[in-house]
Each structure stands twice: as structure tokens, then as C-alpha cells.
Amino acid sequence: MSNPAIHLTLVLLLPLAGGILTYLSGQSMVRRTALVGMVPGLIAAGMLLFMSNDSSITIRFDWLPGHSLGWQVDHVSAVLIALVYFISFLVHLFSLHYLQHDPSIHRYFAKLGFFTTSMLGLLAADHLLLVFVFWELVGFSSYLLIGFWFSQEDKAKSAREAFMVNRVADAGLLIGVILMVMVLDQPFLSELSAVSSSPLVHLAGIGLLIGALGKSAQFPFFGWLPKAMAGPTPVSALIHAATMVAAGVYLLFRVVPVLSPLVMGLAAILGAVTALMAAIAALTQHDIKKVLAYSTISQLGYMVLGVGVGAYQASLFHLWTHAFFKAGLFMAAGAVIHYFHELRHDDHEFDGQDMRNMGGLRKVLPVTHLVYLLCGLALSGLPFFSGFLSKEGILSGAWIWASQTGLWAYVVTDMAFITAFLTPLYVGRQILLVFYGEPRTVVERLQGMEPLWKVKLPLLLLAIASVWVFSAINPFNPTGWWLNAYLFSNDIFRAPEGFDYIEKLTFGLSVVLSAGGLLVSYWYFRPSRSQAYSNAGVPQTWYGRLSYRGWFMAEVYAALAKVYDALVMLSAWFDRKVIDKAVNAVGVASVVLSKAAAIFDREIIDGLVNLMAWLANLVGRLFTGIQSGKVQHQLVWMMVVLLAILLWFQF
Amino acid sequence: MTNYLLSWLIFLPFGAALVIGLIPDKQKFLIKSVALAATICQLIMGGLLFVGFNGGVKPESWATAFQFVEHLDWISLQLGDFGKLQVAYFVGVDGISMPLIVLSALLLVIGVISSWTVQHKVKGYFILYLILSGSLIGCFAALDFFLFYVFFEFMLLPMFFLIGIWGGPRRSYASIKFFLYTLLGSLFILIVMIGLYLSVGTVDQFGVQTNTFSLVDMMSGHYLSDTVLAPGSEYTMWGQSLRYLAFVFLLIGFAIKLPAVPFHTWLPDAHVEAPTAISVLLAGVLLKVGGYGLFRICYAIFPDIAITMAEPIAILGTVSIIYGGMVAMAQNDVKKLIAYSSVSHMGFVLLGLAAITAEGVAGSLFQMVSHGFISGALFLIVGVVYDRTHDRQIENLSGLASKMPRYTFFVVLFFFASLGLPGLSGFVGEVLVLMGAIGAESINGLFPRWIGMVAVLGIIISAGYYLWTLQRMFFGKYWTREADWDARMVDITAREWVMLLPLAILVVLFGVFPSIMLDPIDNSVRFFVESILEQGQMYLSK
């Protein structure tokens, strides 16, 4: 193995190795072993950024006969690997605090390490089959993490449902991958070339798109992500904000060359629809994590839209900025949940995730409050924050695309803009309800809630990263991402000639929409009004319910599962009552037949034999009379026979 | 010893069975030890076979395709005008049979360990077990159809008694169903065997005709002119050519064994009643005899019909995958669930073979071996619960993960291996088969793509029933239906470790490094594919 190969192997395997070590050394050693794999891994991943500076690292190996698979780390992969490492490292740190009292914490770190390695493998994989391998492993490890508290039935159920929804989408992906590998002969991501449109190309593209929609929780698959909130909150920060859900967008970003215009259009439509639907769903949630879950779905919708409209570099930019501020939001939410858990751990009725029980937390969790505020503003898309820059590129890309595509496409773009207004609305609502106003339940300062290293460091790092300067020097230039040169050799998405006005309009509109959204949220949830929120129930209007229940996605899945169950019952019935009955009938028939044959044998065949014997007996008995032994009788019979013979010859 | 390796593999268990026959009934431990020693020797020889097998050369023809060949005349009769009846003891392996022999040798050892708890009629049990074990290997090694048939039938009887005497409550129904069903299958095979014997052979320079049962001659196409099964022969029955009918007969015969829908209903019954060790062998190895028969006899001897029948066979495989999985979902008895999942997974064997592409055929073989590991382990896993509770209903237990974490680890591993998680062996077989099936249209055009795409649904279905079972039995709050089970719910014992751990290692090893198996057999697979396609076209043009 060459040098880069060893290096890459280390980068990929260190989290897993560390996790296994943590598991084997047991719960008591967790504080010492949890970061053993992550720290050197993080350094190695950082080095990878510079190793792949000149040319990308490409490794090919034979896995299946006739199919050599391969890794490739180009700049995009290297950056994303570093990103995953960074967030995963912070999550490891935060988890040490969050799960400190959990007796299975060593098992948790093993699963976390496994997840990280799977995710890194996905980013480094070049061959589509290898992508699929890690894609599935990511799904599996997230199943393990969502169901980490498996003895609680609802959590186990959520894990299963999340995996199943993903699996359905993965079937689509597998078809896409196999078509690419076997039929279109384009197995390597790094060597994709544009292909002329044909039904097969559409089909392969749709397969890949379905896979991406599943993993990135897009319509119609997004129902699994709110369920996935059953996992420990640091897991949600890692998996359901920064990394796993971004895998779909990443895949789309990679396969853009082979996506036909039809598939791109579909991606744009579904992305925008998801962005809007999820933003609406986020407006009415009471659960602090559910708001974030729907907001993640919504932001991923932006990214998918970005790929669909051809602004895929902007999508990658948004993936990057979103990873930081959303991980920050989730971890801050985790800090809130953890606080309530510590405060009310005797009260099992108390729901520490319900925002109706919160309010005024800025006084007891000052750092968390600050972080939530910064990251939330970034999510809102306010200028001077990272989210503004990256969203900008997608929105203007969508507008330009619409102006080139046709009137219907403006509907898609409008949805994206409406979402841009709804996002600050639900973010503002959440921040106001959680941190401002008067506390709606009894709260007090607790010691050790925001320890320096394990909580403050990750939270503050993520919050700081949400400020514009860490993305671009110019807070108003969406194409100013300092990684542009490194990632795309500056071949970035820019408004084409003659479309400058769209960029300017988008800019103005975004500022107005985000500021407007925040103001509206303040109007509705300002401290003086938020006290009444503690009695808020489940929305009763039809639109309120539609939003609160997340467009009834869970119900739709349940209905589909019912249909499937009916089919299952039908086939089981068919198996028992038709096929097996037929088999048994053949068995019974053959028994009946053999009984009949026995009767035939006994009565007819044997009977014939007996009949013959009886006849012989009869004849014998008849003729015994003749053989009386008297000469006269014999003479008479001789005459009779002679006469008979004569008569015979006569006629 | 390597010269007679296959004979040792086949006859050592028979010898051991004789030895056990001489041991008094009461010496149970000795009996078990002899059986264990014999199967361990078999495993070591299986290892030698694997190591000694040379996969580096692509065979030129069927005549040179086999290694470890032994050839002895066995029965030779002059039949006057009918020529000479020639039956040979003719064994050898190629890349198709070698992995299956190694797999058998491994599972046979695990079966003995699993049988350690057998209490009554120990002597009879292990004698039958060893007869079964020798016949199994014989079946995979035979290169003479007559010999194959003898071993094939020889497996049936011990199996019948093992289920019928040591089985569960409905054992007599299950064993008779198993026996009659598979006997029916072998009758179909017998008919074709006779037909092939009459059609294949050589004529020497004096015009003396020698018919033969040699599979190698049959595969090479040494047909006597103007015989019933010669390609292009005029003989027909029911308006179909005899070759076509012969293929269909063989297909039914082996599809029963495989089993493919709709010939599968003997399997769940047999599994539910069979003791754990016998279930392991039944699912792990015996089903593979059906798959192997399709490869060696059905396809290799009738390649022309294999080509023309590719589409219906592929559909049959896909139906098995989907239907078997859906019926599995409806089961409440874990053992039945796994039995139906076997039907589903063996459907992949059929689908991959039907494609006659390198990927499909290699995948089909890999799937057989991987399914051997996984289904063997799954039945052992059911055995763990059954030993403790004498119950297998899913709804009678829940939350086992909290009580038996190590056990649950194996359960999750093997469930996910079976549902095709990458990194575990089940995935490799399935993905290769699907690649072959979806790619077939553009590689050899045997059947349309949609069949393979529909088969992809199988990965959703299998995830459905395994995850559902995990959730109900292993997650949630710990609970048992009967209070007195609780005391017996201890985590897995040392004996169970010994059985499960090697399979777990193999499942991971084969999943991460499939080339362990695929590299040695690659040349055989490629030769198989090429010769089927070439010979098939040649026969068809006659």
C-alpha cells in the first residue's frame, strides 16, 4: 500500500477503532477512551486537505471479480471528510457530558464511531457500489443510534420506521446504481461523463434521486426524520443535521453529470415542495427537537432544489454552513433538554423537550442562549451570518432557472421564497419561547450545566462558525466562499450575463423576508404574550393540524403499511389454503387412489384369479360325473362325442 | 492423501458410522466424540480441498474442468444389443462444487456440536447423521449421474428418520411430507437420468456402443446419433421436444429441493419439526443440493433449453424472492419465519443462475454459501430460545436485548446479514445476482431488465420482517409469557458461543473480502457461463 492509501485507511478507520476500544474497555474508562480515535483522526483528516492539494488521491482495488472498486479523495471529499470529523469530534465531546450517567455509554461510543466511519467511507467512495455499501452502513448505524434506548418501545419503533423508510428509498438507489454500473458503464463518480438522454438514463437518474430523497428526508420520505429524534440529542446533531442527511445532497452533487433534465427538474420541484412543507410543519411544533427536525428537512430541501436548478456549488456551500449552525442548534437544544433532565429527573411525567414548559432560560443557560441565538439567526438567513450567504446562491439560482425554464417554474421558485419568510418565523418563535419571557415552570441555576470543555467549547465553536467572516469576507457576496477556489477552481455558480438584476433582487428580497419573518415572530411571541403559551394545546384548525402532524406523513406511511400487511396476510392465506392445500390434496388423492387400487386389486384382479379357480373347480366337478369308471357310460360318451364330431364336419 | 481426498471425505463418515455401531448404547459421550472427531476430520480435509484447489487456470473444456478426480469402474455389464452398462465411481470438483463441499464440512461439525444435547437413541441418531454427512459430500463430488443419484437418494433416508424420530410433535406428518415430496422430485430426475444414459456414450472403431452415466460426457455433449435426448432429435412427447421435457423435469426435481415457489411448502413443516441441528443442515446444506443440481445437471447438460427458458426461470426466482418474503412476514413462529426467508433467499440463486452472466452465476453460488452460513446460524439462534423456553412464538417474548445482550448481538448480526447489509456476506450474493439479472438484457439479452428490478423489492421485504421481529422480541421492556421461563433466560453458553462465533466471523469475512471465495471459483464460473452460452447456441442451431 502506498502512503496515501495508508493515510486514508487511518482516516477512515480511526473513529471505528476508537469506538471499539471504548466499548471493550468498558463504562468506567469512557472518559479516557472516548476521544482516542477522534483526536488523531481529526489531525489526519486535516492533513488530507493538504495531501489532496495537487491531485486527488485515487485508489483502486478488486472486490468482486470483474469489478474493481475504488476510493477517491478529491477536494470536495477532503473538505467534507474534515467537516464530518470536526462535527463528530464536537459531538463526541458533548456526548461525554450529555450521557455521563448512562450505564451503556461505552456502547454508545462504539455506535458513534461506527457511524462516523461509515459516513467517512461514503464520502471517500468513488465506485457507486462502494457508495451504496457505505450508504447502507450509515443507515444501519443510524438505526442503532436512534434505537440506542431500545428498551423503550417507542424508541425502538422509531428506529425501525426510520430504517424502513430509508430502505424503501435505498431499493431505488440500488436499481440506479446497478443500472449505472452494469448498463450505462459509468461506475466511478470521478469519471462520470454526460450521456445522451434515453429512458434508461432517466430511470437510472430517478433511482439515484429516490435514494437521495430518502436519505436527505425529502418529500415523500421526510416522515422518518422527526421520528429519528428519538435518539440521544447529540446523535441528532451529528446524524440528523450535519452528516447523514447531507449524504443525499452529496450524492446528487456528485452525479449531476448523468442526471437528465427531467430528473433535475424533478429534484428542483421536490426540493422546493419539501422546503415549504417542512417549514410550515415547523411553525406549530411544541417539541424543541421537532422544530429543528422540520427545519433540517426544509433546509435540505433548499439544497436539493439547488442541485435541481444547477446551482449545485451553492448547494454544497449551504451544506457546509448548515452543518455548523444546525449542529450548534441541536447541541444547544441538547443542553436545554439535559438541563431539564437534571432539574426534574424525579418527575417522569415532565417532558423536558416540550417548549410549553420552557421560557426565560437565558438566565440559567447563558452560553446556550447565546449560541442558540447566533445559530438561529444564521438559519433565518439574516445578513452577516453564514446562512444568508449560502441560501442566497440557491435562491438566485432558482430564480434564474425559472426565468429560463418557463412560467410553471416560478411556482417552484416562489415556494423557495415563501420558505425564506417562514424560516425566520419559526426560528424566532422558538428562540422567544425557549429563552425569553418569564419561565413557565420553576427553573433554577444548576451547577455544572455548561462545563467548559465538553459543552462550551463545541457550542461556541459552532456558533462562531455561523458568523459570516468564517464563510466569506464580504457578508453580501454569496460567491465569496473562501473554499471556492479550493473546491471548484473558482468555477462557481454565478448569475449569467444579463441576469445580474436577479441577484440584486434576490438579495433585497432575502433581507426583507428574513427581517420580516423575525419581526412577525416577535409580534406573535413577544415576552408579554408568550406566557399564555404554557396552555397551548394541539392545533384544532385543519391547517393547524396539517402543520402540527407534519402533513400526516406518519399516517400515510401507516396506511401504506396496512396495505402491505393485507397483502402479507393474503399471501400467507394463499400459501396455507391454496398451495399447501393442493399439496395435501395430492397426498390425499394418492392415498384414495391407492385404496381404490387395493380394492381393485383385491376384488377384481384377485377376484379374476379366484373366478378362474372357481370355474376350473366347477368344470372339474361337472366332468367328474363323466368319469364314473363304468364301461357302458364311457361307450355312451364316446358315441356322443363321435356324433358331435361328425355333425361338426357335416356342416 | 490428497490423491484420494474426496474419497476420504465421502467415506470417512461411513466408517465412523460403522465404528459407532460397535460402541454400546450407553457410551453416549464416546459416540458423540467419535461423530465429532469424524466431522472435524472432514472439516480439515475440506480445508485441504479449499487450499489445494487450483483456481488459476481457466478450463478449456468440461473434460479438464475438474480437479481431485478419481475414476474407478464400478458396475460393468454386457447387455448384448444394448451395448455395455457402465457405472463408474467417478468423483471430482470444480469451482462450483468445491465451495459447497467446504461449506458442508463446516456445518456438519457445527451440527454435531448442536446435537450434543440429544438424549435418547443417541447411537441411532449419530449413525444416521454420519450417513447423511457422507452422502452429502458424495452428492457434491459425484461426476457420474448414477453415483450422484445414489447419494442423492441416500440423503433422503437418514433425513426422514432424523426428522421422524427426533423431531417435534407433528414430526410424522412433516417427515412423510418431506420424504414423499423430495422422492417425487427424484423420480423426475431418475426419468431424465435414464433418458440421458440411453443418449450419451461412445462408439468404438468396431461399432460397439458404450453408454455412460458420466456427467462429464453428458456436459461435453457426447451424444449418440439419433437418440432420444440428442440435440435436434426428432422425438417429441405431448408436442414438446424431449430435451425440453427433460429440462422441465429436472427443473421441477431440483426446484422442489431448492425450494422454489410453488414447490416449497414441505420446507416450513420440515423445519418446524426438525431438531435444531437437522434444521441447520437442512437449510444450510441440503437446499444447496437443489441449487447445485441445477448448475451441474440442468444447466450444464441442457444449455439450449436453459437459454430458451431463461425468462420463466428468472420470473420463478423473483416470485420466490417476493412471495417467500411476504409469507415470512406473516409468521408468528420464528422458525417458520426463517424457513420462509430461506425460500426468499434461495430465489436469488435461481434468478442469478437464470441470467447466465458472470455476475449472476458467481452471485448465485456465493448466495448459496452465504445462505449456508446465515441460515445455519439463524436456526441455531432459534434453538437458543427454544432450548430455554420450548417455545418459539414471537409474541411470547419481548425485550430480550436487556436480558441477553450477547445473544442479541448475534441475532442483530445474522438478521442484518440475512437482510443484505453491506459488509456482511448476504449482501455480496444478492447484489451480484441483481447486477447479473439487471445487466443480463444488455449482456446476453436473455430476459428483460424489469425482472431484476422487481427482485430489488426483496431487500425491502426482508428488512420488513427482520426488523419487525427484532422490535417485538428483542427490544422494548423485558417480558416472558410464562413466569418460570425467566430463570432459564441466561445469556448464551460456551457451547453456543462455539457454534455461533465461527459463523459470525465467516459472515463478516466473506462480506468484507468476498474474493476469498470468488477468486478461486472465478475461472470455473466464467467457463460455465461461456460454455452454457456457446453450447446452448450450438445445440439450438441443430
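B:Tyr197 is buried, its relative accessible area being 9%. This value, like every other here, is computed from a predicted model. The residue belongs to helix α6 of chain B, which runs over residues 171-199. Setting aside residues up to four places away in sequence, B:Tyr197 touches B:Lys84, B:Leu85 and B:Gln86, and also B:Asn211, B:Thr212, B:Phe213 and B:Met218. B:Phe90 stands 107 residues from B:Tyr197 along the chain, and 15 Å separate the C-alpha atoms of the two.

### Chain B as a whole

Chain B contains 20 helices and eight strands. Its radius of gyration is 23 Å, close to the 24 Å that the globule rule gives for 542 residues, so chain B is as compact as a globular protein of that length. The C-alpha trace of chain B spans about 80 × 60 × 45 Å along its principal axes. Of the 542 residues in chain B, 67% are buried; B:Tyr197 is one of the buried residues. Among contacts in chain B with a separation of 6 or more, 79% are between residues 24 or more positions apart.

### Where chain A meets chain B

At the interface, 46 residues of chain A are in contact with 54 residues of chain B. The size of an interface is often given as the accessible area lost when the parts come together. Between chain A and chain B the buried area is about 4400 Å², and carbon and sulfur atoms give 74% of it.

How many salt bridges does the rule find across the interface of chain A and chain B? There is one. The side chains of A:Asp580 and B:Lys177 form a salt bridge, with 2.6 Å from N to O. On the side of chain A that touches chain B, the elements giving two or more residues are β1 (57-64), α6 (128-146), α7 (153-183), α8 (199-215) and α23 (553-624) of chain A. The largest share, 17 residues, comes from α7(A). By class, this side of chain A has 32 nonpolar, five polar and nine charged residues.

| Residue | Relative accessible area |
|---|---|
| A:Thr419 | 0%, buried |
| A:Ser547 | 4%, buried |

A:Thr419 is placed in helix α17 of chain A, residues 407-435. A polar atom of the A:Thr419 side chain lies 2.7 Å from the backbone oxygen of A:Met415. Which residues does A:Thr419 touch, not counting those up to four places away in sequence? They are A:Ala275, A:Leu276, A:Ala279, A:Ser298 and A:Tyr302. A:Thr274 is 145 residues from A:Thr419 along the chain, and their C-alpha atoms are separated by 9.8 Å.

A:Ser547 sits in helix α22 of chain A, which covers residues 542-548. Its contacts, leaving aside neighbours within four places in sequence, are with A:Ile280, A:Ala281, A:Thr284 and A:Gln285. A:Ser547 counts as buried because its relative accessibility of 4% is under the 20% cut-off.

Notes
Residues are numbered from 1 along each chain as its sequence is written. Chains are lettered from A and ligands numbered from 1 in the order in which they are written. This is a predicted model: local features need pLDDT of at least 70, side-chain atom pairs count only at pLDDT 80 or more; totals for chains, interfaces and linings use all residues. Side-chain values use heavy atoms; hydrogens and water are left out. Contact means heavy atoms within 4.5 Å. Buried area is the accessible area (1.4 Å probe) that two parts lose on being put together, summed over both. A salt bridge is a side-chain nitrogen of Lys or Arg within 4 Å of a carboxyl oxygen of Asp or Glu. Helices (H or I, at least four residues) and strands (E, at least two) are DSSP runs, numbered from the N terminus. Ala, Val, Leu, Ile, Met, Phe, Trp, Tyr, Cys and Pro count as nonpolar, Asp, Glu, Lys and Arg as charged, and the others, Gly among them, as polar. The radius of gyration is taken over C-alpha atoms; the globule rule is 2.2 Å times the number of residues to the power 0.38. Buried means under 20% relative accessible area, exposed over 50%, partly exposed in between (1.4 Å probe, protein chains only). A polar contact is a pair of N or O atoms within 3.5 Å; within protein, one must be able to donate a hydrogen and the other to accept it, and residues adjacent in sequence count only if both atoms are side-chain atoms.
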